[in-house]
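Student: Could you take me on a close look at the magnesium site and its surroundings? I'd like to follow it step by step.

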Amino acid sequence: MVQDPLRKDGSTMLLPDSKTVLVEHSNKKVYDLGDKIAKVFNANKPASDVFNEALNLARVAESGIRTPKPLEVSAVEGEGWALLTEKVPGVTLADRMSAEPSKFYEHLEQFVDLQVEIHGNRSPLLNRQRDKYARMINELPHINATTRYNLLERLDGMKKEFQICHGDFNPSNVIVAEDGQLYVCDWAHATQGSPAADAAMTYLLFALNDKQQADAYLELYCDRADVPMQVVRQWMSIVAAAELSRKRTDVNDEFLMSWIDVVDYMG
Ligand SMILES: Nc1ncnc2c1ncn2[C@@H]1O[C@H](COP(=O)(O)OP(=O)(O)O)[C@@H](O)[C@H]1O
Ligand SMILES: [Mg+2]
């Protein structure tokens, strides 16, 4: 019996043999299927997380931000849930930055301008940043109740804003297409909220690898967005706590804890 190469039956999908692995993490693999990209999660990844990422992507794409087009969410034979998107042929801005270190600042300018442009958009049905961060802070078992209270109080005092925030905006999530246009992928953590919080997260992501790059980023972001650096800094303990609750294996917990401790000194 001849079968559709991608479908074994109506409910699961087979990936083509011609696929190549782009990225491999402990909990997911990203495959290049030629004209599509498949982000395939482990069997223990909740379906709701994968559908949420797909919904975020669809919402953000509809708001006019340049993203890979969402195609489908499918159960993959022998693995877990997968999110399929259109492939955007090109290289990431992270690849560009490491290939051309002398042009780091030029790439950083492109990166910051793109983030500021994203923050100019709204998507009223997107999850709320405040709810997401409060949930993440409450889920932190190794942070005591006093510090959690401090963090939640600080979160509550921040200005209420409703701009589209990527939530994991770093150069590996920006694809430079062959025509030079920039596309943003990986919207799993997207919310509507404060741009300064999003900038604080990007600062921490840079700082985990390179403090100098992080500082250059922060200065440029605050300048281009016309946001006071103090406001971004106020968010840092909150986003460090959120990042800590994601338990990413490649992220340094001690470093994040040192940012959370700032709360204790500053009240
Ligand atoms: N639609 C796409 N087109 C081209 N490359 C993509 C696409 N989606 C993801 N990639 C590549 O795969 C990498 C990992 O995908 P991403 O969604 O960022 O997953 P992760 O959670 O692993 O960061 C990206 O950094 C990018 O290089
Ligand atoms: Mg990514």
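Tutor: Happy to! Let's begin with a term we will need: a residue counts as buried when its relative accessible area is under 20%, and as exposed when that area is over 50%. Keep in mind that this is a predicted model.

Now to the metal. The magnesium ion (ligand 2) has Asn173 (OD1) and Asp186 (OD) as its protein donors, which lie 2.1 Å from the ion. Is Asn173 buried or exposed? Its relative accessibility is 4%, so Asn173 counts as buried, because the cut-off for buried is under 20%.

Let's step back to the whole chain. The domain assignment gives domain 1 (12-85) and domain 2 (90-266). Their C-alpha centres are 23 Å apart, and the contact involves 13 residues from domain 1 and 18 residues from domain 2.

One more feature to find on your screen is the second largest pocket, with about 160 Å³ of space. Helix 6 (195-207), helix 7 (211-225) and helix 8 (229-245) are the elements that each give two or more residues to its lining. Among the lining residues are His119, Met158, Lys159, Glu161, Tyr221 and Trp235. By type, the lining of this pocket has eight nonpolar, two polar and two charged residues.

Methods: Residues numbered from 1 in each chain as written. Chains lettered and ligands numbered in written order. Predicted model: local features only at pLDDT ≥ 70, side-chain atom pairs only at ≥ 80, totals over all residues. Heavy atoms only, no water. 1 Å grid on protein atoms, 1.4 Å probe; cavity = no way out; pocket = protein on both sides within 12 Å on 5 of 7 lines; lining within 4 Å. Points joined across faces, edges and corners; volume = space filled by probe spheres on them. Helix = DSSP H or I, 4+ residues; strand = E, 2+ residues; numbered from the N terminus. Nonpolar A, V, L, I, M, F, W, Y, C, P; charged D, E, K, R; others polar. Donors = N, O, S within 2.8 Å, 3.2 Å for Na, K, Ca; no water. Buried < 20%, exposed > 50% of the residue type's maximum accessible area, 1.4 Å probe, protein only. Domains from an automatic or database assignment. Contact = heavy atoms within 4.5 Å.
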